[in-house]
Amino acid sequence: MGLFSFFKKSDKIVQENTIDSKDLLGKAGTNSGDNRDVETKLSFHPEWDVPQEQKYIFNFLANELEPLKPNQLSLSSISIEENKSKWLVRAFFRSSLPQAIELGEIELFIMDKNDELVASKKFDFKALGTIPAESARPWVFEFEKSAIQVDEVPEDGWKIAFNLVSLRGHQLELDPSWEKQLPAAQIEELAKIVDTLPKLGETEVNFTGLQAKLADNGNLNVSIFIRNGHNKSINLEQLPLEIIDATGKQIANGSFNMDPVLTVQPNSTKPWTFVFPAELVDAKDADLSRWTARVTQQ
């Protein structure tokens, strides 16, 4: 494969990003009560024909690696080389699992010294091959220009990291006030509804109607799923909304000041209830058998 040729004598381990294997694999490893230090052994891809000089370099780098705890996965950052329109990011992928693993698609981040995102890309870890138990495999992750969000390679203190938000999947997020008021059965039902909704784009924010009720005083109470597909949280300070009924008629229109600011966590769906006062509602002949919530332009 030849990727080993990108590793240099001057390279060194600069940062670690370590996660529990269950965050990636969805299940706890065996011997979960074990707290020993695990020294990971150097492992080469079976297709690599590594010259002796390069083996010395890899062994030197591998000896710098700190021990892991059992059932962990780690990315050990080494260096970034800028090559035309892409970054070649050198790292070790390490596993302290007691058995070999083969992984699929995983999104990785490059974070600067301030933990700001500078690049992101999904990689098919099948390319790394089967990772033996308690081992460290060197690899070069290529980030093309389209995956990079800054003009220059980050300064010292950067790291390559797993995107844990994408690993855990899209999930229901409840405000503490909702968690206190709703019985467990209703929370479970909301989570099931969230699971059935169409998948969001990676930068998509979506508003999906959940429930609409006209009150006796003429107010319209609407509960909406606020769906955030981003890998960062979103903050809503003001939200202009209109409600369209099954016939296409606008039955409510207003703007809501969110105080405190309403935050929706990354890759999450948060239900929220908005109350349109009667003066902003035109409910005559309204058909709420099906309705849509839309964010309007102010």
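Accessible areas come from the Shrake-Rupley method with a 1.4 Å probe, and for residues only the protein chains shown count as cover. On that basis the protein chain exposes about 16000 Å², of which carbon and sulfur atoms supply 45%. The model is predicted: local features need pLDDT of at least 70, side-chain atom pairs count only at pLDDT 80 or more, and totals for chains, interfaces and linings use all residues. Residues are numbered from 1 along each chain as its sequence is written, and side-chain values use heavy atoms, with hydrogens and water left out.

Of the 298 residues in the protein chain, 44% are buried, meaning under 20% relative accessible area with a 1.4 Å probe, protein chains only. The radius of gyration, taken over C-alpha atoms, is 25 Å, whereas a compact globule of 298 residues would have a value near 19 Å (the rule is 2.2 Å times the number of residues to the power 0.38). Along the principal axes, the C-alpha atoms fill a box of roughly 80 × 45 × 30 Å.

The protein chain holds 5 helices and 15 strands; these are DSSP runs, helices being H or I of at least four residues and strands E of at least two, numbered from the N terminus. An open sheet of 5 strands runs in the order β1-β3-β4-β7-β2, with mixed pairing; two strands pair if DSSP finds at least two bridges between them. β1 (15-20) and β2 (41-42) stand at the edges with a single partner strand each, so one side of each has no neighbour in the sheet. The partner β7 (residues 135-144) pairs with β2 in the parallel sense over 2 bridges, and K41 stands opposite S135 in β7.

Key: Buried means under 20% relative accessible area, exposed over 50%, partly exposed in between (1.4 Å probe, protein chains only).
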